[in-house]
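Colleague: Could you take me through the ligand site in this one? I'd like the contacts with their distances, please.

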Amino acid sequence: MKLDKTRKLQARSHTVIPGGAHTYAKGDDQYPELAPGFIARGRGCHVWDVDGNEFIEYNMGLRSVTLGHAYPEIVEAAEKAMRSGTNFTRPSPLEVECAEDFLGVIDGADMVKFPKDGSTATTAAITLARAVTGRDKVALCIDHPFFSYNGWSMGTTPVDAGIPQSEKALTVTFHYNDLPSVEALFDAHPGEIAAVILEPSRADDPTDGFLHELRKLCTDQGALLVLDEMITGFRLHLGGGQKYYGVTPDLSTFGKAIANGFSVSALAGKREFMERGGLRHDKERVFLLSTTHGAETHGLAAAIATMGVYRREPVIEHLWKIGERLALGFTEATREAGLEDYVHVIGKPCNLAFATKGPDGEPSQSYRSLFLQETIARGVLIPSLVVSYSHTDDDIDRTVEAVRGALQVYRQAMDEGTERYLVGRPSKVVYRRYN
Ligand SMILES: Cc1ncc(COP(=O)(O)O)c(C=O)c1O
């Protein structure tokens with residue numbers, strides 16, 4: 001694989017951008033050395049790096065591109081809006097149209113505001129919950145890795161430099177599918193918890209009516225239930241995880257897939273809470289999400305067009321079906337290689353990841369890097385197994401073939417160690433205190 005331009009750009013990027021990229025999950029430390037460093041263009045689920053190498057891509061745009069790269073209908077909608085101006089002194093009618101379309105698919109919500117990124121939306125949910133309840137503490141599901149780059153969320157991770165202790169002390173944590181762990185928080189901090197925030201699910205579905213019990217508990221305790229649908233929204237179900245599981249949150253947050261990669265996110269919720277950020281009440285006002293770029297016309301036009309495709313075409317069905325084909329093929333390949341206990345698929349077909357373990361049965365970054373290196377060498381860029389509407393049966397079959405080849409090398413490395421096979425250093429987890 002030719003990487004000449006990649007190497008030159010990598011040297012430049014680390015000089016001008018901390019980490020060499022504006023998003024940690026895309027950084028060089030997340031990939032083996034023999035990997036595309038910069039993607040120059042994409043079409044559907046195929047991408048080309050700056051050296052012209054082509055890959056079938058997964059996880060596209062950190063799960064934001066669910067329809068496909070450069071999806072014509074979305075690009076045309078965004079371009080048309082852009083040609084009429086991107087941001088005005090007063091709102092564009094697209095703001096109303098996009099809000100109505102969004103609320104037409106997310107039945108649990110009565111009102112919505114659109115910022116540009118997920119962290120801003122979840123942080124606004126916390127601010128609103130604090131204002132509504134008059135409480136300061138936040139109960140956060142510690143099994144869900146990321147809600148925001150802001151202190152209330154990052155303070156629970158090892159990368160907490162710069163976050164005051166006083167801010168960290170306001171976030172308390174519980175476990176998914178563990179109602180007693182939430183009850184214990186309410187007992188330990190009576191009348192202090194403003195919000196309970198979690199994703200509707202990750203790999204595991206709720207058990208024993210967890211989400212419904214949590215709903216009841218929040219109501220009884222006077223705390224707001226916030227579902228972070230950044231990943232589940234426009235993926236598990238058009239109505240989000242809240243529709244899929246039949247639970248109505250007080251507030252919910254969306255982003256990623258809502259505009260097929262254009263930057264639009266959403267804070268949605270019940271009118272009685274959301275209206276506190278509005279003009280039609282006489283309570284104390286909440287400064288609820290006011291961003292210069294929230295109204296950017298092309299993002300909203302892209303969101304409207306994306307929701308249109310979702311309503312008209314079997315996008316969700318495809319994500320589940322094509323993901324199922326990938327999960328089956330992947331699992332079959334691990335069985336053939338005798339590696340089913342070491343490399344396996346995690347999650348739901350529409351949102352799959354994989355685990356890589358070393359000979360000791362423990363998760364291993366060295367083996368993950370080797371697996372990535374070997375799939376990349378076979379034309380597949382696969383940090384997760386998250387599919388899009390553009391992945392075809394042929395893409396999946398070619399991916400499984402690449403996985404098969406990569407697993408042969410993995411198998412050999414299980415006996416001989418990764419050192420002989422992995423070129424350069426292994427990748428690292430994002431949440432670490434030191435480099
Ligand atoms: C569940 C969840 N919530 C919130 C966020 C933050 O979104 P953003 O990166 O757009 O700020 C992410 C991003 O990965 C996420 O996965």
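Modeller: Here is the ligand site, piece by piece. Keep in mind that this is a predicted model, where local features need pLDDT of at least 70 and side-chain atom pairs count only at pLDDT 80 or more, while totals for chains, interfaces and linings use all residues. Residues are numbered from 1 along each chain as its sequence is written, and side-chain values use heavy atoms, with hydrogens and water left out.

Let's start with who is there. Around the ligand sit Asp117, Gly118, Ser119, Phe146, Phe147, Glu199, Asp228, Met230, Ile231 and Lys256, where being near means having a heavy atom within 4 Å of the molecule. That shell splits into 4 nonpolar, 2 polar and 4 charged residues. In this scheme Ala, Val, Leu, Ile, Met, Phe, Trp, Tyr, Cys and Pro are nonpolar, Asp, Glu, Lys and Arg are charged, and the others, Gly among them, are polar.

Now the polar contacts, meaning pairs of N or O atoms within 3.5 Å. Asp228 puts a polar side-chain atom 2.6 Å from a ligand nitrogen. Lys256 also uses a polar side-chain atom, 2.9 Å from an oxygen atom of the ligand. With Gly118 it's the backbone: an N or O atom there lies 2.7 Å from a ligand oxygen. As for cover, the ligand taken alone exposes 390 Å², and the protein buries 79% of that; these areas come from the Shrake-Rupley method with a 1.4 Å probe.

Notes:
A polar contact is a pair of N or O atoms within 3.5 Å; within protein, one must be able to donate a hydrogen and the other to accept it, and residues adjacent in sequence count only if both atoms are side-chain atoms.
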